[in-house]
Amino acid sequence: MVRNGGNFCIGPLEGIFLSKILLFLFSIRYLNSCKLHEVLPNAAVLSQLYKASMQEKVQKKSTLVVSLDELEDDEMLPLVDTLLKVHLFNVDAVDILSTSKSVVKQEFVVSLIRAVNSTVRIVEFQDTLFRKDVLWDLFQGGLNCQLLKLRSTEIQKLNMAGSFMQLHTLNLDFCSSLTSLEKDCFTCMPKLVHLSMCGTRIADLWTTRAALSRLPSLTELRFQNCICCKDTGPCLASSSKMTNLPVSEITMALAVQLLLTYILQYMYQASFGDMHVQGRDDCAEDINFKLRDTSVVSKMYLSWHPSPICYEKHYREYMIASLPHLGVLDNFPVRKIDREMANTVFSQYYEYLPYKRRQKENVASVLHMRETGRGNAYHNKSSRIKEAVSCRKIPHFYSRSLCAAKLGSSASPCLHKISNISNDIKEGNESLRPRQFEYHPTNPSLMAFGTLDGEVVVVNHDAGNIFSYNPLFGVTNSILGLCWLNKNPFKLLAGSDSGSLRLYDINDTLQKAESGSSSSSPIVFDKFEQLTSLHVNSTDDQFLTSGYSKKVAIYDICSGKRLHLFSDMHQEPINVAKFAHHSPNLLVTSSFDRDVKLWDLRQTPNQPCYTTSSSRGNVMVCFSPDDLYLLVSAVDNEVKQLLSVDGRQQTDFGIASTGSAHNYTRSYYMNGRDYVISGSSDESIVRICCAQTGRRLRDYYLEDRALESPILVQSLRSDPFRHFHMAVLASYVRPSSRRDIIKVNLLESGQCNDEDSEREDFQFLRSWRLNFTSCKFVCK
């Protein structure tokens, strides 16, 4: 120790000596705390204290490692008391590790983390069964650590809204229940550079992009890992050193890598999960041709533990184009040529915002532009004056700009259940089970739906009440067909799977439960057996029916008389037949025989106007609102738009198939004919595509948080009065008997189900579980 002026300076030897004294005093404090709590000192803790003192001597820094695997509950209190003053004893960092299922109570773990939060460096919990409330406390309270590694099956929705200001590495590999990222989950991580989420269930490109865009420092990201890489950095096999090798050596390296891929996939797929070769599907067949170009190294490498998002079409290009600072993706470096290619692919297959908006705008700025008459702000200065004049001449310019601003700021849609408002109409609070539904053509507040039990219900979905309730003949046949009349929109035509047809006037007084009277019209229609669909023509004088047969029937609405019964129009059952919106004599039919046919009733219907085919069985077809196009949906996501004049294909929406022969896809127009919405019965996804270009705007994954179940899309309709609004006929993975109609607002975020709906969901789930348990007991 030397004196410098009036101050004393500590030399390096004195500093080491002082540090060892402080660490010794820290050990004494721990021993005294154990004595106070009447607990024997833990040998592992004492060993780590000794190692910390040795580190101070060699590395000039000391790190205390606390392994929860070596601790029990009664040993936690003295350790926590000791670590509360860790900052006074020259301990530079504390690492908290748990590599197996620790037996320590989770409350003690949280107390330990909070005690050392100012000096914690690494927090690593693997295979730890944290309760949801404990995870919530950690995520909302935040941590001061630099590296956080969690592996837990309890993490489903990641919402790390707390402060993680020092975090630079986050590893969530094998959080197998993690399905999505909340939009604001990364808002307080300014230093996060490395993020790994391999082996999760994350699948949605759009919500993932919205969350990751909040990370200003993110440069290394992976949802799948190279087999030889343990961290998020670039794989050595894909580095520039390999691309500079002679072609012969590259050929050998790739051949060995492909051989290793197939061997590992054959031997270990059952034990370790799926693997795949990143890149083109035809890389194995064309390997000899591709090897002449050394850039093939950048297109193919062995990946391991991919999350579902990796299987999305153009996944890599989408992520690179969406995250401009990304330097490494899935252990593969992002080069300049990769980014250029990604931007090209993104502009070809995706829409960043609706209506070709290229930059996000807030609602206030759009409203200001509307008031001042200016154009949109994203155009360059040279064209801004011209755009300010021309944009005012474009119909719906400002309403579309408002939609783009709102949708751009909404990562997940707002959901609200319609069928819940009518559950008190049946005895014993029995739930209604909707099977078909249609928006009212002129009243924005009304919607009709038919049920599996034969009821026809009209609800005011804005006010949340019932407008009309009508049982169908008192029998329990499913309502499969509903259609509002066009000229007289207060009349509703309904058809059941038994072939019964009935015309309702919803202006009739709501029938009382005890009267048993029906509000249906006295017109009697001949039955159409095995009915699946019906539709009214544009002049309201005729309607058609089709079903599980090769026949189509034409009825007169006023008299109820069947005018025509056409047989053998297709080789297999006709799922859907539709009249055109503006021509009362044109109709289109779609069948499982893969054909779509256009017919003109003014001609003898022996021959269609034309026939066009899909590669799989057709589920449905519909006209665009202006009748210029046909939208055809075939099994397993084959969706195409055809010119109605001659059946030529105008757009193929390129939706990936699942391989399921029972994945029944349905698609409709939205916002007039600007966009197309598509959903399938085995998937919980609603896809939105531009009708003219086919570019994908969004994929929305639907899930009921109260039931903790994915929402399977049985059918869907766009709201004819509100842009980017729709309704979905939903079923659930569990419980499988539940069916709902859910309104979806794409311009607002969050799960908008009210408290009553959530309470009802809980009661339904509880009763379902009790019934399931009693059923198991009876079966035994």
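A nonpolar core is a set of buried Ala, Val, Leu, Ile, Met, Phe, Trp, Tyr and Cys residues joined through side-chain atoms within 4.5 Å. In this predicted model, the largest such core holds 73 residues, of which Leu 148, Phe 186, Leu 212, Leu 221, Phe 223 and Met 319 touch the most other members. The protein chain has 780 residues, 52% of which count as buried, and its secondary structure comprises 15 helices and 44 strands. Among contacts between residues at least 6 apart in sequence, 57% join residues at least 24 apart.

**Nonpolar cores**

- Another core, of 39 residues, lies apart from the largest one, and its members include Tyr 668, Tyr 675, Ile 688 and Tyr 700.
- In soluble globular proteins, nonpolar side chains tend to be buried together.

**Helix α5 and its cover**

- Helix α5 spans residues 132-141, and its buried residues are Val 134, Leu 135, Leu 138 and Phe 139.
- Viewed down the axis of α5, these buried residues fall within an arc of 125°, and they therefore line one face of the helix.
- The cover over the buried residues of α5 includes α4 (106-115), together with β6 (147-151) and β7 (157-158).
- Gly 142 follows α5 and has a positive phi, near 80°.

**Packing of α10 against α11**

- The axes of α10 (residues 315-322) and α11 come within 8 Å and cross at roughly 105°, and because angles of 65 to 115 degrees count as roughly perpendicular, α10 is described as roughly perpendicular to α11.
- On the α10 side the residues that meet α11 are Glu 317, Tyr 318, Ile 320, Ala 321 and Ser 322, while α11 contributes Asp 338, Arg 339, Ala 342, Asn 343, Val 345 and Phe 346.

- Leaving aside neighbours within four places in sequence, Glu 351 is in contact with Tyr 675, Cys 690, Thr 693, Arg 695, Arg 696, Leu 697 and Arg 698; the C-alpha atoms of Glu 351 and Arg 696 are separated by 5.9 Å, although the two residues are 345 residues apart along the chain.
- Asn 745, in strand β44 (residues 739-749), is buried at a relative accessible area of 12%, and a polar contact of 3.2 Å joins its side chain to that of His 725.
- Not counting residues up to four places away in sequence, Asn 745 touches Pro 413, Cys 414, Phe 724 and His 725.

- Asn 331, which is not a glycine, has a positive phi near 65°; Asn 331 is found in the loop between β15 (328-329) and β16 (332-333) and is buried, with a relative accessible area of 1%.
- Arg 594 likewise has a positive phi, of about 80°, without being a glycine; its place is in the loop between β30 (586-591) and β31 (595-600), where Arg 594 counts as partly exposed at 44% relative accessibility.

Notes:
Residues are numbered from 1 along each chain as its sequence is written. This is a predicted model: local features need pLDDT of at least 70, side-chain atom pairs count only at pLDDT 80 or more; totals for chains, interfaces and linings use all residues. Side-chain values use heavy atoms; hydrogens and water are left out. Buried means under 20% relative accessible area, exposed over 50%, partly exposed in between (1.4 Å probe, protein chains only). Helices (H or I, at least four residues) and strands (E, at least two) are DSSP runs, numbered from the N terminus. The arc is that of the directions from the helix axis to the C-beta atoms. Contact means heavy atoms within 4.5 Å. Axes are lines fitted to C-alpha atoms, for helices over the stretch in contact, and angles run from 0 to 180 degrees between N-to-C directions. Angles under 35 degrees count as roughly parallel, over 145 as roughly antiparallel, 65 to 115 as roughly perpendicular and the rest as oblique. A polar contact is a pair of N or O atoms within 3.5 Å; within protein, one must be able to donate a hydrogen and the other to accept it, and residues adjacent in sequence count only if both atoms are side-chain atoms.
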